[in-house]
Amino acid sequence: MGNYKTEQKDGYILYVNQNGPALGSADGKILEKDGFVFRDLAGCGELLPYEDWRLDAKERAQDLASRLSVEEIAGLMMYSPHQMVPALPGGVFGGTYEGKDYQPGVTKDDALTDQQQAFLSKDHIRHVLAVVYKDTEVAAKWNNRMQAFVEKQGFGIPVSIATDPRHGAGKSGAEYKSGSADVSKWPEGLGIAASFDTDLCRKFGEVIAKEYRALGITTALSPQVDIATEPRWMRFEDTFGSSPELVTAMSKAYCDGLQTTKGEGNGADSGWGKESVAAMAKHWRGGGPCEAGRDAHYAFGKFAVYPGGKFETHLKPFLEGAFALEGPTGTVASIMPYYTVSYGVDTKDGKNVGNSYSHYIINDLLREKYGYEGVVCTDWGITQDPAPVMDSFGSRCYGVEDLTEGERHLLAIENGVDQFGGNCKVEPVLEAYRLGCEKYGETAMRARMERSAVRLLLNLFRCGLFENPYLDVEESKRTVGCDAFRKAGYEAQLKSIVLLKNKRGDGSVLPISGRKKVYVPKRFIKAQKNFFRGMDSDKEVIEASRESVAPWFDWAETPKEADFGLVFIESPLSDGYSGEEAEAGGNGYLPISLQYRPYKADAARKESIAGGDIRESFTNRSYAGKTGTAANERDLDIVLETKKAMGDKPVIVCIRMHKPTVLAEFEPYADAIIVDFGVQRSAVYDILCGKAEPSGRLPIQLPKDMETVERHCEDAPLDMESYVDGEGHVYGFGYGMNWEGVIAGDALSGVR
């Protein structure tokens, strides 16, 4: 008997070495050597180097990679599509169970779908993207069931579960977000940045790492380190703002908090351990400078442009942030290039192709010039054939539409890409291998595939998955969303709120003292295109109720009986492309507006910087002279109507700001304005009542008008003229107020 003890857990056995790691095994296959216990993952009865936890992670990864078949390596090089747990019928990402749809009360919530079992066994996938979990218990049990399933296969390679950000307290339509009802709630990226507190950001990383590991998650598809230089971009709110210095500092702090296991590791693996989550910083070389704000999820938004000559500026958060961590893990584990075509920047080959297909951007710059040796994973769904119409969700094989899927995979691999997001079929990767063998020879191609396998396996070893990929379900339930984490997230929400205006006559409106009656109007949003390019119907939005405000205020049904009006609005919801306009003979391109009233783009470029697509007979994507509209134009109306109805009583506007907004339309009619970058309503109410004092500052600029937006350079940070309110306050970077007035001093002075 070695120096270890065993504990029977729910579905697995835990082997606890006296002077070594605890090991989890569902099938009980272990080895004893030198007084220690090891997992017999290969099932050969002999301790292989990759099974020996005493060796460093890279040595183990190299040993295992050398043993894998090409098919197994190809499986490692794929990331699954989005997984729902359980997979409910009728959803965007479905699945079946023994050939049938999920049946409540019959199907186990934590069961593996038929599709999951197929891609884990047949396609050898070991990187799985989880989107929505029913709850923590289901997440933990699903993890354990999946790990037991793969433990019996081949070399027993565990599954690394990944997630998009799931801790945001505000809901966003900018990208399909992950969800779990149990995790602590924090502001969106802009809200973290608005605190100008890197220690808070590091704490954020530490907390979500603990909650992720308790859910079985070991890879975070974050942080989004793009510098938000283009204010119309739909993914603006997930960034750390528009300042290269602020984004760099926050990126570094976040990655350190996420990846570091305190008190563990030595030598090459220092800092990595059972509390670590591998970060995937995105998006290499910066997704922010998209022309006219159109996003590259869609072919009509595929071009990133650099009219200000600031291409190098967008490297700073990587080179001085994610690649230069102060913590012991040293550098971010993975990088995701964006979908975009970085137009005109390839000075070597002159090719305008998606970033992952650019030899210049991936090989020459990322791999060779900057020496990055971590995992490079494409954004999701770049290798499939293009859809026949522009106004669609897919079609991201930009610039390589004429290649086959196998050829696209080979091109990316040649560039230095290791992994393909959203792919669950091994055949195209095997076709790439076959083509590579014809081109370079089998020895060279095998070596190239092994290089990717080592990089991919390294993160699994570093996070301790080869020792114990299983979860104690009860411990997970105690960890996720515990009181301490919820409190930390709520405090961060309070620190993220920005007070822009607080003026009524000769005094201030806020904080509100005593028990007051509040009137909150309903909102209305017109039908609009959603993230998947389907059509959402008109909808009425009820922002508050008698019950929800009761801890803070009394409820007023009408403005007449209220003491003050509280108007909740959000940034203008505007779309930059119309398939209907294209079908009617136009080019389809429309202005994305940051104002509420219809906006005519007279100051827009007459000729777009970039253009060209296999489905278009033109290259000029200009929308000059066209009019853009906001689906939530009524937001402006309810401010004006509430102001009129309230008479001489104060009106407070709370704007949920997804992106910079032109405030000139309503600022004069608001007595107080606060900016919410994704917080719970209770945080807003606590600020209004003075239970907390506002301390957030703008990590962005708010533009004077749409003309200054049109005239700015998409790649240039903070180059717009900012709005000036009636008191002469400039709503620029670093501006914010507390109860005493404008917060003084350089906002970046404490950022490190």
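## Asp226 and its surroundings

The side chains of Asp226 and His283 are joined by a polar contact of 2.9 Å (a pair of N or O atoms within 3.5 Å; within protein, one must be able to donate a hydrogen and the other to accept it, and residues adjacent in sequence count only if both atoms are side-chain atoms). This is a predicted model, in which local features need pLDDT of at least 70 and side-chain atom pairs count only at pLDDT 80 or more, while totals for chains, interfaces and linings use all residues. Residues are numbered from 1 along each chain as its sequence is written, and side-chain values use heavy atoms, with hydrogens and water left out.

Asp226 lies in the loop between β10 (217-220) and α7 (244-259); helices (H or I, at least four residues) and strands (E, at least two) are DSSP runs, numbered from the N terminus. Asp226 is buried (under 20% relative accessible area, 1.4 Å probe, protein chains only). Asp226 has no salt bridge (a side-chain nitrogen of Lys or Arg within 4 Å of a carboxyl oxygen of Asp or Glu). The nearest side chain of opposite charge, Arg235, is 6.3 Å away; Lys and Arg count as positive and Asp and Glu as negative, with His and the chain ends not counted.

## The sheet

Seven strands form an open sheet in the order β7-β8-β9-β10-β11-β13-β15, with parallel pairing (two strands pair if DSSP finds at least two bridges between them). β7 (82-85) and β15 (375-376) are at the edges with a single partner strand each, so one side of each has no neighbour in the sheet.

Strands β11 (278-284) and β13 (334-337) pair in the parallel sense over four bridges. Ser334 in β13 is the bridge partner of Met280.

## Helix α6

Of the 18 residues in α6, 15 are buried. Just after α6, Gly216 has a positive phi of about 95°.

Technical notes: Buried < 20%, exposed > 50% of the residue type's maximum accessible area, 1.4 Å probe, protein only.
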